[in-house]
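The sequence and the structure are shown first.

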Amino acid sequence: MSNYSLETLAIHAGQDPEAMTGAVTVPIFQTSTYAQEGLGKPRQGYEYSRTDNPTRKAYEQCFAALEGARFGIAFASGMAATNNCMYLLNSGDEVLVSDDVYGGTFRFFTKVMSKFGVRAHFVNTSDLAAVEKHLNPNIKLVWIESPTNPLLKLTDIAAVCRLAKSHGALVVVDNTFMSPAFQRPLELGADIVMHSATKYLGGHSDLVGGVLATNSEEINQQMRFHQNAVGAIPGPFDCWLALRGLKTLAVRMQAHARNAQAIAQFLEAHPAVRKVIYPGLASHPQHALAQKQMHGFGGMISFEIKGGLEEAKTLVESTHLFLLAESLGGVESLIELPAIMTHASIPAQRRHEMGIADGLIRISVGIENMDDLKADLGQALAKAVSGSLV
Ligand SMILES: *Cc1c(COP(=O)(O)O)cnc(C)c1O
């Protein structure tokens, strides 16, 4: 299978016709247990659904194929996948984490892992000198998110992997924002890829899930052991939904990126907009790195409206197609205000230091018609700044 391209793997990897009936769609094996032929003789290797389930296996195999990985492991949420990686560590180990990571990841390291003697150093991983400076012998794992959220800062994944490797640390890349259609961290030297499958992999805002992929037999064995030992596995129906989502990943990502590029350019030219952040714009400070390590620029855009919080509030409450909601990566367009919604738990002072202005707006561009989306943002921008600035 591995010599096929991503579009083909999405439809076929792990998805042979079902043995009994030839069903072309992998069935939902909604069962907790499996009758055995005799003592210690399971029929097809299945014994209990926390350990393994055919629907989950198909999903895991398909996902692994898309990441170009030998192994894929599914979890009940992105955070459960993140948590599983931590069982590779021991108390006393330290981790180096991108400073602009997903809020839940920040909370997990600072409020949960800290209780178990695992200390996190938050470092701007876009700055290789800073990464090198902070890599001490106790750091056993480096956690990268690229692009970050909501500032869409990039990390040179290959370069950080080289640095980490020379210090004996594992590298995990949270690849949620790009999906394997646009970024394959294992090919850049990462040891493990993590995703919130809730976002682009599922793609339809109808499930919560997480996945890990690796090429290392040893890491896979440990992570599989912990998947079974700790639990937090997805049920068969969620696996089926996620697998159904994967089938259209390639076409969806192309549509997200096409729309996002057009909207980023529209916003950049709009008089009510101060600044647009999108890796596909020549104005993005790391546009060259984006072209080098990504195969597409994604569907996420952040921008600042002229004025401030009040204008931003009016804008996000005035769109009709862009729904006011947290989360991202679904077929429908979403809009949100990080300072008040996704990043409200970060103290204002630190938020401002990081560059998250009160008027910063984040959009997840869906796959609706591009002109309809532009018109929707256009009318909301006009409303937000009416009379005052334009
Ligand atoms: C949503 C998200 C997570 C957490 O995933 P859940 O599925 O919500 O547990 C982790 N990382 C990123 C980048 C995310 O967007």
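## Basis of the model

The model is predicted.

## Ligand site

The shell around the ligand is made up of Ser 77, Gly 78, Met 79, Tyr 102, Glu 145, Asp 174, Thr 176, Met 194, Ser 196, Thr 198, Lys 199 and Gly 209. By class, three of the shell residues are nonpolar, six are polar and three are charged. Helix H3 (78–86) contributes at least two residues to this shell, and so does strand S8 (192–196).

For Lys 199, an N or O atom of the side chain is 2.7 Å from an oxygen of the ligand. The ligand taken alone exposes 380 Å², and the protein buries 92% of that area.

## Thr 176, a shell residue in a loop

Thr 176 belongs to the ligand shell and sits in the loop that runs between strand S7 (170–174) and helix H7 (179–182). Thr 176 counts as buried because its relative accessibility is 8%, below the 20% cut-off.

The side chain of Thr 176 forms a polar contact of 2.6 Å with the side chain of Asp 174, and Asp 174 is another residue of the ligand shell. Beyond four places in sequence, Thr 176 touches Met 194, His 195, Ser 196, Lys 199 and Tyr 200. Met 194, Ser 196 and Lys 199 also surround the ligand.

Leu 201 is placed in the loop between S8 and strand S9 (210–214). Is Leu 201 buried or exposed? Leu 201 is buried, since its relative accessible area is 2%.

Leaving aside residues up to four places away in sequence, the contacts of Leu 201 are Phe 63, Ser 179, Pro 180, His 195, Val 211, Ala 242, Gly 245, Leu 246, Leu 249 and Arg 252. Gly 245 is 44 residues from Leu 201 along the chain, yet their C-alpha atoms are separated by 6.1 Å.

## Ser 333 and its polar partner

Ser 333 lies in the loop between strand S12 (323–324) and strand S13 (334–336). Its relative accessibility is 0%, so Ser 333 counts as buried. The side chain of Ser 333 makes a 2.8 Å polar contact with the side chain of Glu 368.

Other residues that Ser 333 touches, not counting those up to four places away in sequence, include Leu 321, Phe 322, Leu 323, Ser 364, Val 365, Gly 366 and Leu 373. The C-alpha atoms of Ser 333 and Phe 322 are separated by 4.8 Å, with the two residues 11 apart along the chain.

## Cysteines

How many disulfides does the structure hold? The structure holds zero disulfides. Cys 161 is in none, and the nearest cysteine sulfur, in Cys 85, is 14 Å away. Cys 161 counts as buried, with 2% relative accessibility.

## Backbone details

The loop between strand S6 (139–145) and helix H6 (157–166) holds Pro 147 and Pro 150. The peptide bond joining Ser 146 and Pro 147 is cis, with omega about -5°. The bond from Asn 149 to Pro 150 is cis as well, and its omega is near 5°.

Ser 179 is not a glycine but has a positive phi of about 65°. Ser 179 is found in helix H7 and counts as buried at 0% relative accessibility. A positive phi, near 50°, is also found for Ser 205, which is in the loop between S8 and S9. Ser 205 is partly exposed, with a relative accessible area of 44%.

Technical notes. Residues numbered from 1 in each chain as written. Predicted model: local features only at pLDDT ≥ 70, side-chain atom pairs only at ≥ 80, totals over all residues. Heavy atoms only, no water. Near = heavy atom within 4 Å. Polar contact = N/O pair within 3.5 Å; in protein donor to acceptor, adjacent residues only side chain to side chain. Areas by Shrake-Rupley, 256 points an atom, 1.4 Å probe, with all protein chains shown as cover. Helix = DSSP H or I, 4+ residues; strand = E, 2+ residues; numbered from the N terminus. Nonpolar A, V, L, I, M, F, W, Y, C, P; charged D, E, K, R; others polar. Disulfide = S-S within 2.5 Å. Buried < 20%, exposed > 50% of the residue type's maximum accessible area, 1.4 Å probe, protein only. Contact = heavy atoms within 4.5 Å.
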